[in-house]
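User: I have a set of labels for this fold and want to see what stands behind each one. Please take me through them.

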Amino acid sequence: MHASKAKLGISACLLGAEVRYNGGHKLSRLCSRSLTEHFDFIPVCPEVGIGMPTPREPIRLVGDPQAPRAVGTVERSRDVTDALAAYAERMASELQGISGYIFMQQSPSCGLERVKVYQEGGRPSEPGRGIFAAVFCARHPDLPVEEDGRLNDPVLRENFITRVYAHAEWQRLLQQGLTRRALIAFHSRYKYLLMATDPMRYKSLGRLLGRLADYDLADLAPQYFSELMSALKKCATRGTHSNVLQHLSGYLKRALSADEKQEMQQLIGQYRDGIVPLVVPLTLLKHHFRRHPDRYIAEQAYLQPHPEPLSLRNAL
């Protein structure tokens, strides 16, 4: 299901472009080495995009943390807030085909959260959000976004990339022409992934689609997708993963011997207790389903939500 590369927006400095205020970069080894084989990156530097030179006077956020201004650190009268916001609006329109965005952390233009906002006298106050990132994300509320630093956490990394592939699959579905039948099939494919991330919303989405005939598809589909992306944003736990593994193993109860069932249960228990990573019981489960195929299970995104070479579940 991962035939074509998904497109990702990314802060240009993370790919090694020397666009930072000091003429340097913030090359991310994860992005430039591991992820570049699987994604087509579209690098963006908003500060260069609005015509600021490199190197340049740094900017910082000042004022109300909920609506800060981006001004020069030396030339305080230099206010680039409106220019950054306008550039974000432009890029939000131009980058319609992306399935995710990786932002440079703590940047006054690109930071997603915890960006310092300064008050009179140079005191930092409650943190805010970079100007470009805030406007861009407001235009694409369902787009998977993450900061480069947080992607060093294996749980957050796996969660983000799972959402990117779900977003890309939804875009392909829309391009092919969404039908009620296709929406039901899409939801069915994401059943166990939803059960692992947000069991409550999994049930509410099931109820929503149960009344599909009562809605106009053009109205329901965006609502469904927003709910789906919110649900997938929650990180699955060892408990919820274990619950899904138990459900999936139930499809094999007539096919496996008593010893094979015991081995499966033992590995699920060891995963739940933190002894082995998720990939261990999952590999055994896939092995059994190769021997005893089930068409419904073969369609489940949970079994392989992202390309296997990324090895994202080895550290979960």
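Analyst: Start with the elements. Helices (H or I, at least four residues) and strands (E, at least two) are DSSP runs, numbered from the N terminus. This is a predicted model, where local features need pLDDT of at least 70, side-chain atom pairs count only at pLDDT 80 or more, and totals for chains, interfaces and linings use all residues. Residues are numbered from 1 along each chain as its sequence is written, and side-chain values use heavy atoms, with hydrogens and water left out.

User: What is the helix and strand content over residues 191-307?

Analyst: That stretch is 69% helix and 0% strand. Its end C-alpha atoms lie 19 Å apart. UniProt lists residues 191-307 as "domain: DUF1722", in an unreviewed entry. Such annotations may be inferred rather than shown by experiment.

User: Why is H5 called roughly antiparallel to H9?

Analyst: Helix H5 (residues 154-176) and helix H9 (residues 217-233) pack at about 165°, with axes 9 Å apart. Axes are lines fitted to C-alpha atoms, for helices over the stretch in contact, and angles run from 0 to 180 degrees between N-to-C directions. Angles under 35 degrees count as roughly parallel, over 145 as roughly antiparallel, 65 to 115 as roughly perpendicular and the rest as oblique. So H5 is roughly antiparallel to H9.

User: Which residues of H5 and H9 make the contact?

Analyst: Contact means heavy atoms within 4.5 Å. H5 supplies Asn159, Arg163, Ala166, His167 and Trp170. From H9 come Ala221, Tyr224, Phe225, Met229, Leu232 and Lys233.

User: What makes H10 roughly parallel to H12?

Analyst: Helix H10 (residues 238-250) and helix H12 (residues 279-291) pack at about 15°, their axes 11 Å apart. That angle makes H10 roughly parallel to H12. The contact uses Leu245, Leu248 and Ser249 of H10, with Pro281, Leu282, Leu285 and Phe289 of H12.

User: Which strands stand at the edges of the sheet, and why?

Analyst: The open sheet has four strands in the order S2-S1-S5-S7, with parallel pairing. Strand S2 (39-44) and strand S7 (145-147) each have a single partner strand, so one side of each has no neighbour in the sheet.

User: How do you know that S1 pairs with S2?

Analyst: Two strands pair if DSSP finds at least two bridges between them. Six bridges join strand S1 (residues 6-11) to S2, and the two run parallel. Gly9, for one, has Ile42 in S2 as its bridge partner. H5 packs on this sheet, touching S1, S2, strand S5 (100-103) and S7.
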